[in-house]
Amino acid sequence: MKRIDCFLPYVDDPQVAVTLGNLKAQPEIASVRLLEAATFTSTLSIKKIASLAEAPFVLIYTKTTDLRFGAFSLERLISVAEDTSAAMVYSDHFKEAGGERIFAPVIDYQFGSLRDDFDFGSVLLYRTSALKEAVSRMDVDYEYAGLYDLRLKVSQKGSLVHVNEYLYYEIETDNRKSGEKQFDYVNPRNRAVQIEMEKACTRHLKDIGGYLEPEFKEVEFSREDFEYEASVVIPCKNRVRTIGDALKSALGQKTSFPYNVIVVDDNSTDGTVEVIKSFLDDPKLVYIAQDKTYHAIGGNWNAALHHPKCGRYAIQLDSDDVYSGEDTVQKFVDAFHEMKCAMVIGTYRITDFNMQTLPPGIIDHREWTPDNGRNNALRINGLGAPRAFYVPLLREINFPVTKYGEDYAVGLRVSREYSIGRIYDVVYNCRRWEDNSDAALDIEKVNANNLYKDKLRTWELQARILLNEKKQKKS
């Protein structure tokens with residue numbers, strides 16, 4: 001029995017020739033149809049797929065490069081789909097680039113895996129009945145978000161199952177390092193795409209009970225007395241080349257109120273401590289030397305937040321970055337009072353080590369809106385930088401003790417109940433260089449990071465659904 005109808009994006013005959021031949025040689029393939037590549041991810045194309053599909057399963061190949069399968073791979077995908085009653089299955093695979101073949105594992109889909117750039121690989125095997133049911137509920141026509149909308153709607157009624165076996169070979173055309181890819185979603189050239197993705201995700205959140213109305217708790221800034229109005233917090237470990245620049249930038253701020261700088265060193269061994277100590281003649285500097293237990297960035301932040309010299313507002317400065325001017329701290333404190341919010345996020349410029357602007361330049365997260373920002377935060381992988389926090393609240397929440405995603409976790413938690421303010425002036429220079437923690441991660445580390453952030457989204461989404469259920473009971 002031929003159980004799969006295939007759909008491929010079409011540019012021209014040479015582009016599909018190899019993949020077409022490979023698919024037609026597979027005994028499970030009932031038909032192969034070509035759809036215009038330029039509109040392949042549109043709602044119109046997804047509806048067309050649903051109308052043409054007749055076999056029990058639909059295979060959607062999302063790339064325009066050559067595709068090959070291992071022996072009995074399609075049979076294996078079908079077997080798992082039938083054993084688990086999955087609505088969609090996807091698998092690990094191989095990527096080929098420049099004559100080299102590498103393993104390309106992907107990660108398990110979670111309830112909170114709402115990123116529109118979630119990596120399923122290029123082969124998606126849908127149960128036809130699940131696909132058609134999801135399409136029957138599509139009442140918005142997207143130009144870019146049709147495939148994303150399909151995945152969200154299918155996940156509402158069925159499971160998306162990861163087969164952690166290497167079942168096919170695809171050609172990799174994006175050979176950039178991990179640190180070069182992470183800003184794609186905020187690139188202004190992708191703005192129209194992001195608007196549609198946000199719309200589809202917001203609709204999904206409403207469908208599953210996870211959407212939050214724009215109603216926020218008020219922040220009482222006078223609830224505690226503080227010696228300092230603000231603290232610049234600099235966690236660091238082995239940053240001998242950059243910590244001096246960060247400290248000069250932080251200690252050189254001009255404010256109308258008392259502030260200090262808290263640098264938390266996590267057992268540096270490269271001379272960083274000596275650089276920090278050379279600044280200790282400035283009374284504004286507070287130096288915390290961590291003990292030998294595990295702290296990571298989150299633990300270092302907690303040490304600063306709970307220090308008796310910490311100010312009312314804690315403002316981020318990473319140890320390899322600098323503020324863009326002498327008024328950054330003042331701008332953040334002014335923003336807290338003007339916007340009455342529990343957290344403020346600024347705008348930064350990406351530069352090289354020598355402060356020369358790198359593409360895409362300014363990262364301002366203008367997709368954040370006061371009404372829907374906290375909902376859209378579940379779709380994207382970060383909320384922006386630099387971040388500043390109302391300390392009494394953060395002392396209740398605390399950072400997770402991890403070196404990745406700690407800021408995102410806190411941002412999600414704050415946004416569940418409180419508003420987050422934005423500064424759209426550039427207040428920060430984010431230096432990209434070879435020692436950045438995310439400059440060139442291997443695929444296993446990228447997967448681990450994404451898996452953790454998906455877990456954060458899952459926990460937060462579950463909490464928001466529970467919050468809405470409690471509100472409904474009270475009303």
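Q: Let's start with Thr 43: is Thr 43 buried or exposed?
A: Thr 43 counts as buried because its relative accessibility is 0%, where buried means under 20% relative accessible area, exposed means over 50% and partly exposed lies in between, with a 1.4 Å probe and protein chains only. Please keep in mind that this is a predicted model, in which local features need pLDDT of at least 70 and side-chain atom pairs count only at pLDDT 80 or more, while totals for chains, interfaces and linings use all residues. Residues are numbered from 1 along each chain as its sequence is written, and side-chain values use heavy atoms, with hydrogens and water left out.

Q: Where is Thr 43 found, and what does Thr 43 touch?
A: Thr 43 is found in helix H2, residues 43-52; helices (H or I, at least four residues) and strands (E, at least two) are DSSP runs numbered from the N terminus. Leaving aside residues up to four places away in sequence, Thr 43 touches Met 138, Val 140, Asp 141, Tyr 142 and Gly 146, a contact being heavy atoms within 4.5 Å.

Q: New topic: how many salt bridges are there?
A: The structure holds 32 of them, each being a side-chain nitrogen of Lys or Arg within 4 Å of a carboxyl oxygen of Asp or Glu.

Q: Which residue does Arg 68 pair with?
A: Arg 68 forms a salt bridge with Glu 96, and their closest N and O atoms are 2.9 Å apart. This pair links distant parts of the chain, since Arg 68 sits in strand E4 (residues 67-69) and Glu 96 in strand E5 (residues 88-97), 28 residues apart.

Q: And are those two buried or exposed?
A: Arg 68 is partly exposed, with a relative accessible area of 33%, whereas Glu 96 counts as buried at 17% relative accessibility.

Q: What about Arg 203 and Asp 207, how far apart are they?
A: Their salt bridge has its closest N and O atoms 3.5 Å apart. Because Arg 203 and Asp 207 are 4 residues apart in helix H7 (residues 191-208), about one helical turn separates them.

Q: Zooming out, how many helices and strands does the protein have?
A: The protein has 15 helices and 17 strands, and 56% of its 475 residues count as buried.

Q: What does the C-alpha trace span?
A: Along the principal axes of the protein, the C-alpha trace spans about 80 × 60 × 40 Å.
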